[in-house]
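Here is a briefing on one protein model. Look over the sequence and the fold, then read the points below.

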Amino acid sequence: MKLIFKIHSMNIHEYQGKNILKSYGVAIQEGIVAETPEKAVEAAKELSKHTGTKLWVIKAQIHAGGRGKGGGVKLARNIDDVKALAKKMIGMTLVTHQTGPEGKVVHKVLVAEDVYYPGESNIKEYYMSVLLNRQTGRNVIMYSTEGGMDIEAVAEKTPHLIFREEIDPAIGLLGFQARRIAFNLGLSGKAFKEMVRFVSALYTAYVKTDSSLFEINPVLKTSDDRILAVDCKVNLDDNALFRHKDYMELRDLAEEDPAEVEASKHDLNFIKLDGNVGCMVNGAGLAMATMDIIKLSGGQPANFLDVGGTANAETVEAGFRIILKDPNVKAILINIFGGIVRCDRVAQGVVDAYHSVGNITVPVIVRLQGTNAEEGKKLIDDSGLKVYSAITLQEAADKVKELVG
């Protein structure tokens with residue numbers, strides 16, 4: 001089982017992230033997004049008018065890194081190239097080390113100006129990210145002279161080339177810290193000043209947008225000593241979106257797991273896993289314990305699904321429908337602790353959902369404990385449905401083992 005813990009964040013596309021950075025004064029590689037080959041040609045011509053570029057970079061827009069290695073970043077040397085490359089990319093399934101073997105379908109491309117100036121050698125790529133150090137409660141700017149590479153590989157092979165600048169969020173980024181970053185990157189003159197300006201604007205954007213991650217790879221020093229964000233990954237903190245309602249429009253549902261999208265509509269916390277036992281609980285801690293007991297009983301959790309403290313018939317039914325969309329699910333374990341929520345209400349929700357969803361071919365084990373647990377168990381036992389009730393966690397585990405094998 002591969003279990004991934006997610007920080008609540010909303011991923012956005014490169015072009016969207018760059019637009020945000022630019023609005024805070026961060027210098028970027030200019031580009032225009034296009035959803036058809038014809039629009040890509042228009043974008044290329046428009047870019048030439050405003051930037052003077054004679055070459056264009058066609059970049060597939062998906063929520064995953066490693067696009068270049070997968071064939072999702074190509075250089076177009078003329079307008080015919082722009083159209084041909086856009087036509088090839090749009091609609092293709094792009095497979096990278098972050099998408100998994102199933103890949104992701106490309107629905108749009110970014111037509112960007114070329115900033116590498118063919119024939120020029122005085123250029124340099126850097127890595128830079130801004131994120132929260134949860135151990136110290138401080139923001140940290142992590143940066144390296146080895147841009148354009150997998151930062152994980154740099155950390156493993158040459159850790160001395162990765163620098164960190166921790167920032168007290170109550171004080172903010174100080175001038176000497178921005179200058180130290182530019183110095184550690186080996187810059188001088190105009191490039192030094194440009195990097196100081198770049199870092200300051202980048203940190204301001206990170207704080208003002210309530211982001212959980214900014215990753216710029218590469219940050220480019222051009223041959224004329226400009227400092228630009230050539231690529232960027234921006235994760236917006238879900239918990240702060242109420243302060244940035246316009247950012248909700250940036251969400252691309254086509255890039256997200258359909259089950260997770262449906263779960264979010266019902267305010268359910270759902271993460272798909274690769275096991276065979278569906279899991280529905282109320283509370284993250286109980287979810288972890290439930291997944292442990294599933295493992296100990298010989299099964300594999302198929303998901304993390306937290307219905308929260310206000311579970312009712314509607315949320316339980318929605319949870320059922322989401323779990324049952326996974327063909328790998330061989331049984332469903334519902335584990336509810338009745339604190340805020342009453343067990344009999346959840347039990348009634350299970351019965352109602354069972355009738356509403358219909359044709360549930362996998363066994364359902366319901367373990368209720370807490371407020372009105374006995375009443376809830378009676379409702380389950382008297383329903384006449386193929387639902388197995390349990391009081392203790394061990395009972396639930398034994399039933400999972402019996403049914404899943």
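Helices (H or I, at least four residues) and strands (E, at least two) are DSSP runs, numbered from the N terminus. The model is predicted: local features need pLDDT of at least 70, side-chain atom pairs count only at pLDDT 80 or more, and totals for chains, interfaces and linings use all residues. Residues are numbered from 1 along each chain as its sequence is written, and side-chain values use heavy atoms, with hydrogens and water left out.

**The loop residue Ile 62**

- Ile 62 sits in the loop between S3 and S4.
- Is Ile 62 buried or exposed? Ile 62 is buried, because its relative accessible area is 5%; buried means under 20%, exposed over 50%, and partly exposed in between (1.4 Å probe, protein chains only).
- Beyond its neighbours within four places in sequence, Ile 62 contacts His 13, Arg 67, Leu 94, Thr 99, Lys 104, Val 105, Val 106 and Glu 255. Contact means heavy atoms within 4.5 Å.
- Ile 62 and Glu 249 are 187 residues apart along the chain, and their C-alpha atoms are separated by 16 Å.

**The open four-strand sheet**

- Four strands make an open sheet, ordered S2-S7-S3-S4, with antiparallel pairing. Two strands pair if DSSP finds at least two bridges between them.
- Strand S2 (31-34) and strand S4 (73-76) are the edges, each pairing on one side only.
- On average, neighbouring strands of this sheet are turned by 25° against each other, direction ignored. Axes are lines fitted to C-alpha atoms, for helices over the stretch in contact, and angles run from 0 to 180 degrees between N-to-C directions.
- S2 and strand S7 (residues 109-113) run antiparallel and are joined by four bridges. Ile 32 stands opposite Val 111 in S7.
- Helix H2 (residues 37-51) lies across S2, strand S3 (56-60) and S7, at about 20° to S7.
- Helix H3 (residues 79-89) also packs on the sheet, where it touches S3, S4 and S7. The direction of H3 makes about 5° with that of S3.

**Parallel pairing around S17**

- Strand S17 (residues 331-338) is largely enclosed by the rest of the structure, because seven of its eight residues are buried.
- Strand S15 (residues 277-281) runs parallel to S17, and five bridges join them. Val 281 faces Asn 335 of S17.
- S17 also pairs with strand S18 (residues 364-370), in the parallel sense, over seven bridges. Gly 338 has Gly 370 in S18 as its bridge partner.

**Helix H7**

- Which residues of helix H7 (residues 258-265) are buried? They are Ala 259, Val 261, Glu 262 and Ala 263.
- These buried residues pack against strand S14 (269-272) and helix H9 (313-324).
- Asp 267 follows H7 and has a positive phi, near 55°.

- Strand S11 covers residues 211-221 and includes Pro 218. Asn 217 and Pro 218 are joined by a cis peptide bond, with omega about 10°.
- Asp 210 lies in the loop between helix H6 (189-208) and S11. Its phi is positive, about 55°, although Asp 210 is not a glycine.
- Asp 225 lies in the loop between S11 and strand S12 (227-229). Asp 225 is not a glycine either, yet its phi is positive at about 65°.
- Asp 225 is partly exposed, with a relative accessible area of 22%.

**Asn 235 in strand S13**

- Asn 235 belongs to strand S13 (residues 233-237).
- Asn 235 is buried, with a relative accessible area of 10%.
- Setting aside residues up to four places away in sequence, Asn 235 touches Ser 9, Met 10, Asn 11, Ser 211, Ser 212 and Leu 213.

**A nonpolar surface patch**

- Ile 171, Leu 174 and Phe 176 form a nonpolar surface patch of about 280 Å². Patches are made of residues with over 30% relative accessible area and no salt bridge; like charges are joined within 9 Å, nonpolar side chains (Val, Leu, Ile, Met, Phe, Trp, Tyr) within 5 Å.
- A salt bridge is a side-chain nitrogen of Lys or Arg within 4 Å of a carboxyl oxygen of Asp or Glu. Accessible areas come from the Shrake-Rupley method with a 1.4 Å probe; for residues, only the protein chains shown count as cover.
- Ile 171 is in the loop between strand S10 (162-167) and helix H5 (175-184). Ile 171 is exposed, with a relative accessible area of 56%.
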